[in-house]
Amino acid sequence: MVDYWNRIVWPMLEGAQMTILLFFIAILVSIPLGFILTLAVQSRFKPLAWLSQIYITVMRGTPLLLQLLLICFGLPMLPVVGEYLVFDRFVAACIGFVLNYAAYFAEIFRGGLISIDKGQYEAAKVLGLTKWQTTTRIILPQMFRVALPAVANESITLIKDTALLYAVAVPELLHFAQTAVNREFTIVPYFIAGVIYLAMTLILTVFFKWLERRYKYE
Amino acid sequence: MALIEVTNLKKSFGNQEVLKSISFSVDKKEVIAMIGPSGSGKSTLLRSLIHLEEIDNGSICIDGDFLVKDGQYANQADIRKITGKMGMVFQHFNLFPHLTVKENLILAPKLRKSESMEEIEKRCMDLLRKVGLSDKANAYPSNLSGGQKQRVAIARSLMLNPQILLFDEPTSALDPELTGEVLKVMKDLAEEHMTMIVVTHEMGFAREVANRVIFMDGGEIIESNEPEQFFQHPQHERTKAFLHKNWK
Ligand SMILES: Nc1ncnc2c1ncn2[C@@H]1O[C@H](COP(=O)(O)OP(=O)(O)OP(=O)(O)O)[C@@H](O)[C@H]1O
Ligand SMILES: [Mg+2]
């Protein structure tokens, strides 16, 4: 039993650490980046708005796996600059996830932004709030609140998407599960992996439900 | 000197002329009821006064300062100062849903930083008492009835001590049984001699509370008179037709 734990479960838990690390890096960087993208799309400086929109469309319109493969294996093959674009696999994966998820979050925040009634801006204006105060005190809090359920969904998808690291050979949870399956000739590791993913998504679900209740404004 | 002086105000949306050379003035302590058919430009006129719409030509002078003179707007800082003398109450309340009643009231004066927090909180509670909502200070707007929301909105606009209050159909979004409580608050304000312009369909309010009724149609002021005269002896055909349809 102890043996079983040491040979199978323990490496998988270590792999899960990688998964969790990637999750936090991706969430913590792509949410602010997505927010900046949202602002860029709304920008009055048209070239910036268009570029951002094209970026979002491309990132959302192509598979994350393709983007990961491109960053891990494609970029280093480029002539001249390729040799400077060889990243550590995990770093490359982080870049891929951040770039991809930022586009999704941008779209989510934009939805939150356009859901805000123009009466909110008008009330703020007649109360003498500056543009900055209106944005930070009135608009953003409401935007984040509206976006919260979609952000929760996206985060749960992100946990499961980390399994794509398997394809670029970063040793995460699924990688150790597969190794154990091959070595021990048992499918149990698959189930253990499933339980670990499930635990992670459940924790996230509970956390976001709590956030939603906390900011219900009732 | 008039508190509000509007001369030859013109405003178009695209090629639709919505306000056609409007001139009128409002004295201190006057309560104006502004009535007229849908699309006649009442809201646009009211919103122009507080710079929610930019006019194309003409002048708006508030308490001696030109918000816009012959189509030329004052600079940003002056616009803020001038519009700061007015408060506005909207048809749909426009309370901030993520803030409690108290926070809704306190936000603007707090950000303005010209008074201590104690003074602001005291005025907040005084005003909530005045509109009969002391017990709702910590409620969120979503838990209030329409009439309560509108009373909060009125209290909120009073937090900045405006000289003029503008109302755009303050009771139109309310169930009929809730209009009374809002009209009562407005009536109290009129009795305290707050200068007010009220766009309304409430003929009863226009008649009892206003000092003057302005009737608009097709982007023009057709008639302006004290309520008795206005309702008993309307001068213009269009006024008569409107009153015939909308009153009694
Ligand atoms: N933002 C806008 N863009 C284009 N046209 C507008 C805009 N706002 C108002 N209008 C038009 O201007 C005219 C006057 O509108 P306004 O809202 O001032 O009328 P109103 O007298 O307040 O009517 P109601 O009683 O229905 O509120 C209408 O024909 C309306 O369609
Ligand atoms: Mg209107």
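Over all chains, the structure holds 14 aromatic pairs. Rings of Phe, Tyr and Trp (its six-membered ring) pair if their centres lie within 6.5 Å; planes under 30 degrees apart count as stacked, over 60 as edge-to-face and the rest as tilted. This is a predicted model, where local features need pLDDT of at least 70 and side-chain atom pairs count only at pLDDT 80 or more, while totals for chains, interfaces and linings use all residues. Residues are numbered from 1 along each chain as its sequence is written, chains are lettered from A and ligands numbered from 1 in the order in which they are written, and side-chain values use heavy atoms, with hydrogens and water left out.

Take chain A to begin. The ring centres of A:Phe35 and A:Phe109 are 6.2 Å apart and the planes stand at 85°, so this pair is edge-to-face. A:Phe35 sits in helix 1 (residues 2-42) of chain A and A:Phe109 in helix 4 (residues 89-114) of chain A, so the pair ties together parts 74 residues apart in sequence. Helices (H or I, at least four residues) and strands (E, at least two) are DSSP runs, numbered from the N terminus. A:Phe35 and A:Phe109 are both buried. Buried means under 20% relative accessible area, exposed over 50%, partly exposed in between (1.4 Å probe, protein chains only). Both rings also belong to one aromatic cluster, with A:Phe97, A:Tyr101, A:Tyr104, A:Phe105 and A:Phe144.

B:Phe215 and B:Phe242 are 5.0 Å apart, centre to centre, with 45° between the planes. B:Phe215 lies in strand 10 (residues 212-217) of chain B and B:Phe242 in helix 9 (residues 237-246) of chain B, so this pair links parts 27 residues apart in sequence. B:Phe215 is buried at 0% relative accessibility. B:Phe242 is buried too, at 7%.

Now the strands of chain B. Two strands pair if DSSP finds at least two bridges between them. Five strands make an open sheet in the order 2-1-4-5-6, with antiparallel pairing. Strand 2 and strand 6 (72-73) are its edges, each pairing on one side only. Inside this sheet, three bridges join strand 4 (residues 57-62) to strand 5 (residues 65-69). B:Ile62 has B:Asp65 of strand 5 as its bridge partner.

B:Asp65 also has a side-chain partner. Its side chain and that of B:Lys85 are joined by a polar contact of 3.4 Å. A polar contact is a pair of N or O atoms within 3.5 Å; within protein, one must be able to donate a hydrogen and the other to accept it, and residues adjacent in sequence count only if both atoms are side-chain atoms. B:Lys85 is buried, with a relative accessible area of 17%. It is found in the loop between helix 2 (76-83) and strand 7 of chain B.

Strand 7 (residues 86-89) is covered on both faces: B:Met86 and B:Met88 on one side, B:Gly87 and B:Val89 on the other, all buried. Four bridges join strand 7 to strand 8 (residues 164-168), and the two run parallel. B:Gly87 has B:Leu165 as its bridge partner in strand 8.

Residues around it include B:Phe13, B:Lys42, B:Thr44 and B:Glu169; a residue is near if one of its heavy atoms lies within 4 Å. An oxygen atom of ligand 1 is 2.5 Å from a side-chain N or O atom of B:Thr44. For the side chain of B:Glu169, the distance is 3.3 Å. Helix 1 of chain B gives the largest share of the shell, three residues.
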